[in-house]
Structure formats: structure tokens, C-alpha cells
Amino acid sequence: MPDISPRGLTRLAFGGDYNPEQWPESVWQEDVRLMREAGVTMVSVGIFSWALLEPAPGEYDFGWLDRVIDLLHDHGIRVDLGTPTVVPPVWFYRAHPEALPVTAEGVRYEFGSRGAICHSNADYRAAAAAITTALAERYGDHPALAMWHVHNEYGVPVSACYCDSCAAHFRRWLADTYGTVDAVNEAWGTAFWGQRYTGFEQINPPRATPTVGNPGQALDYRRFADATVRENFRAERDLLHRLSPGVPVTTNFMTALSQCDSMDYWAWGREVDLVTNDHYLITDGRRTHVNLAMAADLTRSVAGGAPWLLLEHSTSGVNWQPRNPAKAPGEMARNSLAHVARGSEGAMFFQWRQSRRGAEKFHSAMLPHGGTDTRVWREVVELGASIDTLSALGGTRTEADVAMLWDWQSWWAQNLAWRPSEDHDPRERADSFYEALYDHHLTVDFAHPEADLSAYPLVVVPALYLMTQAAGDNLRRYAENGGTLVVSYFSGIVDEHDAVHEGACPGVLRDVLGLTVEEFSPLLKDERVRLTAPDGPALTGDVWSEFVVPRGAETVWTYADGLTAGRPAVTRHRTGRGTAWYVSTRLDAQGLDAVLARAAGDAGIAPRADLPRDVEVVRRSGTSGTYLFAVNHTAGDTEVPLDTPGTELLTGERAAGRLAVPAGAVRVVRLDG
Ligand code: GAL
């Protein structure tokens, strides 16, 4: 296998966050011995260690970290070294209390947790640069160093600060972005409710107001907050590049977690040397493996299709959800390998040894409180061996079938206040459309709305409310050139300033969809509408309906009841050499399945009736060959057809014709040729 990024790591990554400072040094020897037993190849160290590394301003104590890194190196374990800038020490905050962030309501947070940072604060920036410099000078060319892990999960738990430094910084950002205050007035539509500004110095962050504030201001503040955090990442990254050349720099993303939607990862993906992601199963009753697949596909897409790395997930239960079930036997391996199937160069965990103290003592780990005589440990050792067996596929790329558009900025705008219905949740639409594609056994690439889509036979657009003119033109060209498009309601409505596109909705999509929407008609809670078609099943919608006026599109399903009875509900428009579908209500899973099946037919995508539900088949390919992953999420044994024979890597057995995949298991076939 080629020497992949991270530096010097010649196997896939397997390991986790290692927090030796929580343990006496006598435990460290056991740690490294057990790491070797489990096949650990890399650990993340020092992420929360600033208070220990710099106990007083400018006084460093690197002794313990020297010993940890040397010990890991002696045992052949690569180090992903953290810059600990997510938790400055208490002495820093006592000297600079204004570095603690302030909420929109004016409450300043206190020290004593993590991630309490005002990213505009100059003292924080200087202190972060100093500790990063000290670390880079000391360890920048250490032979154990595989990569730099800057900060931790930027964007949480504080997504924006509203203090006076941020106000000043926001004004500078506005001046750079807009040039004049008149341009800001225009963009934010301040003629409405008499909000006109006559000087930049009058503008504040969108702090608490008696009723809804200016949406353009709120949207720009999210952009500003994201850009500010990215500035701080870049500052650390550039120092590390200069002082530790040749070592990749990353920061761990949380691409698909709807609770952490404050970072525009399309922009972030361009800043890191290697995209890394954290993913935890959200156990809210939905199919967790579908969200996992979506997170992995989205992370790969943010990486531009290149391999990426799962930097954190859990061996079993977490401790921060309302209910934290343990993983079932085999589920951890299935989760890990499902990430690998979709492009991860290994599987890492939070964390190596389960803490005894602190807020995360009930969070699972690779080495549980109960030690090595535990199910989790035995599964960890087994997984380490499996991942090692797969090392040859490092550097290969996951093959996708279709694309789904995704845009964090559109979510930000969509989630502002006073929309037609609070029941409409654009993220829910994205999840549901993804799930429908998953159930059609299609591997999804996510794409920015302005990205080149010509490689995909089918592009799905679930509720993309904010869409620029360029994005609209992009979709029109895509369909005219032969693509098949499926667009969900409340898409293409506003421009980048949250202003409704001129003319009838959906402004930038009118032409490609061949229709206008005269009026939105959201449904009441629990209200449902029936949709009928002469040549298709009856479908059900809820949350939303619309008065659609076809202007070139044909009606495929019609509203059978409700205020819009007799009007088009689902339409299809032949345009150029392609087709554009429009879905004007919130269809349930069965409805999405029916519409996507028709659209897939238009796109020339053959249905995969040969694969059972909840059996994933994904391929990675590259110079070392083509690898077929089959992940069986069901409780029954199954078989997957194999067009090409090959060798199953986890069992070493030959496979031809049909590949047996036992209940809950994963199989990875290196195809011949
Ligand atoms: C992550 C975080 C880790 C740990 C983990 C627990 O979001 O980066 O430090 O807190 O969650 O699930």
C-alpha cells in the first residue's frame, strides 16, 4: 500500500483519542501493550491538554507529552497531535474574561467546560498562536508525528458569539464584503420596518430583539461566524505548515450532524490537507445505518471524492443523548467498515480508555472500565485485525451512482424565523430523500448547487430554499443536456440575501421545472392529502401543498383532496434532452420511492431488485484494484450477486457468482482483474 496521508502511516488508521493525562504513568505501559494487541496504528493525543502543557503563561511543561509520544513511537504507533486550542487554561480566562463568548441574549459563559471561545478575541488568537508555535517547534519533526489535529470540532458547542469584539469584527467583515453601508441596506432590505443604517458603526450582531429580526442580517451573521472560525483554523494551519512541513493538518468535522450545522463544510473541505470526520449514531428510532451512510457520503463529497478519515465514532453507547443504547454485537465493526466502504481510510474512536472521571465517564471506549475481559474489547481486537487485512485498499475511491444537492447556507436561511410552516424541516427532506435513494441501493455523492453535475444521470434536490441564479442556471443546463432532476417543494425561492427571486416562485427553477407556484398552502398539523395518478399508486403527502400552475410540465400525480384538490401535485417536464420532476408536497417513504423509481427510469438507472433491503453494496476502486463491500444490516443471512469473481479479504475465501454475507456481517471482495 502506498504511504498514505497521514505521514508514515502505511496501514489503514485504527485507534482513537488517547488521553493519558487522565491516568497515572504506570497505566501508560499497559496502554501501549494493549494498543499493539488491538492492532492500533494511530492515536490522537493532546486535544484537551493546554492547561497541563502551559500551567502558567509562557511556562511550558512538555515532559509528560515527550514521554507519551516517545512511548507510542517505540511501539510503532503513529501520533495525530492535537493543538489544544479548544480549551484555554483558566489563567487565560481570568486574565482575559472577555474571551468567553456571549449569547445573543447577552449572557457571558463561564469557564469550566470546553469550547467557550470568542473567536474574534485578539488575546485568544495570540494565545492560540503561541501554544501552537511551541508545540510545532517541539514536535514538528518528531518521527512519530503523522498529522496535526487542530482544535476540536469547530462550531460546537458555541456556534457564534455576540460580544462587542464580534460586533466590531462583524462591521469590518461587512465593509469588506459589501464596500458601502448602502449595499448592506440593499442586501438586507432594511427599507422594511425602518431598519435603515447610515454608518457601519451602527450595525450590531443580531442580538435578542422583541420580535423577528432582519433575516439578511441573521444570515450574514452565520456566514461571518463561520468565516471567523475558519480564519482561526487557517492561522494555526499556516503556522504548522511553516514549522512542521510535510505533515498534513486536519480538524475533525461533523458533516451530517443536524445539531452541528454552523460550519459550511464545502468551504472547510478546501482548507484542510485531509478531511476527517466524527460520526455518532443518533438513536432516535430511525435507521441509524442510513444516517451513517449519509454522513460518510457527505464527508467524501466534502473531500472532493478523495479518501478521508473517520476520526471519531463510538465502540458502543455514547452518553450525551436522552437514551444511550449499547451497540449490538457486531454493530461496531459493521459501522466502522461501512465508513471504510464509503471512503474512510480506517476507523478511529472516541476514545481509547474509558474515563473514570469527568463528563464522559459513561461514554464507551475501546478499552472499557471492565478491561480486556469484555465483549467490547474482544470486538475491538477483532476489528483491528479486519482493518489491517483491508490496508491494500487505501487510496481507492468510492464509486457513486447519483448526486444530491446540499448547501449549509441554504439550511441557515431556511431555518430563519417566520416561514410558511414550522413543520417543514429541510434537513428532514434531505434525510428522507437520501433514505429513498439508499433503499434503491444507489450510492450518493453530495454536490454544491453550483458544482458540475454532468457526471450524474440523476440529481436530487431536497428542499433547497436558497439558490443563487448561478445554481438555477446550473440545474437548467444539467437537465437540458440530458440529466434527470428531482426537485422537492420550497426550492429555488430566495437569493443569497434571502430575497425572493423576482417574479413567481420558484424563481430560478421556473424554466427548468416548466411551472410556477401561485401560492404555498401548508397543511395543518396531522393533516394529510391524497395524490392520485391514472397510471400509478395513490400517494400521501403532509406538511405542505401548493397551487402549482404547469407551464410546460405534465401532471403525473394530482391532489385528490384538500384545498388544492384537482391541481398538479407531482409534475414532469421534458426540457432539452433531459427531464425535471417536481414534488410539491411532503411525500412519505412510499411516495418518495414511487417518484424516485419513475425518475430513475428516466435516468436509465436499472432497479436493483436483486438486493434485499438493508443490505448495502458499495464499491471502491483505484490502482490497487476494485473492492466490493457488502454490508448486511439485517438479522438474516443473505447473498449478494457478484458479476466478477474475487477474493473475500476478511475470510480469505474465493467468491464467485454469489457472495454469502451472514446476518450482521460485512464482506469485502477484491474483484479479479
Ligand atoms: C465528540 C468530541 C469528543 C467526545 C465525543 C463523545 O463530539 O469530539 O471529544 O466528546 O464527542 O461522543
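**Entry 1: the model**

I am working from a predicted model.

**Entry 2: around the ligand**

I began with the ligand. Which residues surround the ligand? I listed Phe48, Arg114, Asn152, Glu153, Asp278 and Tyr280. Five of its residues are charged, four are nonpolar and two are polar.

**Entry 3: polar atoms at the ligand**

Next I looked up distances to oxygen atoms of the ligand. For Glu360, a polar side-chain atom lies 2.4 Å from a ligand oxygen. For Trp320, an N or O atom of the side chain is 2.8 Å from an oxygen atom of the ligand. For Asn152, I noted 2.9 Å between a polar side-chain atom and an oxygen atom of the ligand. How much of the ligand's accessible area does the protein cover? On its own the ligand has 310 Å² of accessible area, and the protein covers 94% of that.

**Entry 4: cis peptide bonds**

A cis peptide bond joins Phe350 to Gln351, with omega at about 0°. Where is Gln351? I found Gln351 in the loop that runs between strand 9 (344–349) and helix 12.

I also noted a cis peptide bond between Cys505 and Pro506. Its omega is about -5°. Pro506 sits in the loop between strand 14 (484–488) and helix 16 (510–513).

**Entry 5: a positive phi**

Ala463 is not a glycine, yet its phi is positive, at about 45°. I traced Ala463 to the loop between strand 13 (458–461) and helix 15 (469–480).

**Entry 6: helices 11 and 12**

Helix 11 covers residues 331–341, and helix 12 covers residues 375–389. They pack with their axes 10 Å apart, at an angle of about 30°. Because of that angle, helix 11 counts as roughly parallel to helix 12. The crossing of helix 11 and helix 12 is right-handed.

**Entry 7: helices 1 and 3**

I turned to helix 1 (residues 25–38) and helix 3 (residues 63–74). Their axes come within 10 Å. They cross at roughly 25°. I noted a right-handed crossing for helix 1 and helix 3.

How values were computed
Residues are numbered from 1 along each chain as its sequence is written. This is a predicted model: local features need pLDDT of at least 70, side-chain atom pairs count only at pLDDT 80 or more; totals for chains, interfaces and linings use all residues. Side-chain values use heavy atoms; hydrogens and water are left out. A residue is near a molecule or strand if one of its heavy atoms lies within 4 Å of it. A polar contact is a pair of N or O atoms within 3.5 Å; within protein, one must be able to donate a hydrogen and the other to accept it, and residues adjacent in sequence count only if both atoms are side-chain atoms. Accessible areas come from the Shrake-Rupley method with a 1.4 Å probe; for residues, only the protein chains shown count as cover. Ala, Val, Leu, Ile, Met, Phe, Trp, Tyr, Cys and Pro count as nonpolar, Asp, Glu, Lys and Arg as charged, and the others, Gly among them, as polar. Axes are lines fitted to C-alpha atoms, for helices over the stretch in contact, and angles run from 0 to 180 degrees between N-to-C directions. Helices (H or I, at least four residues) and strands (E, at least two) are DSSP runs, numbered from the N terminus. Angles under 35 degrees count as roughly parallel, over 145 as roughly antiparallel, 65 to 115 as roughly perpendicular and the rest as oblique. A crossing is left-handed if the near helix is turned anticlockwise from the far one by less than a right angle, and right-handed if clockwise.
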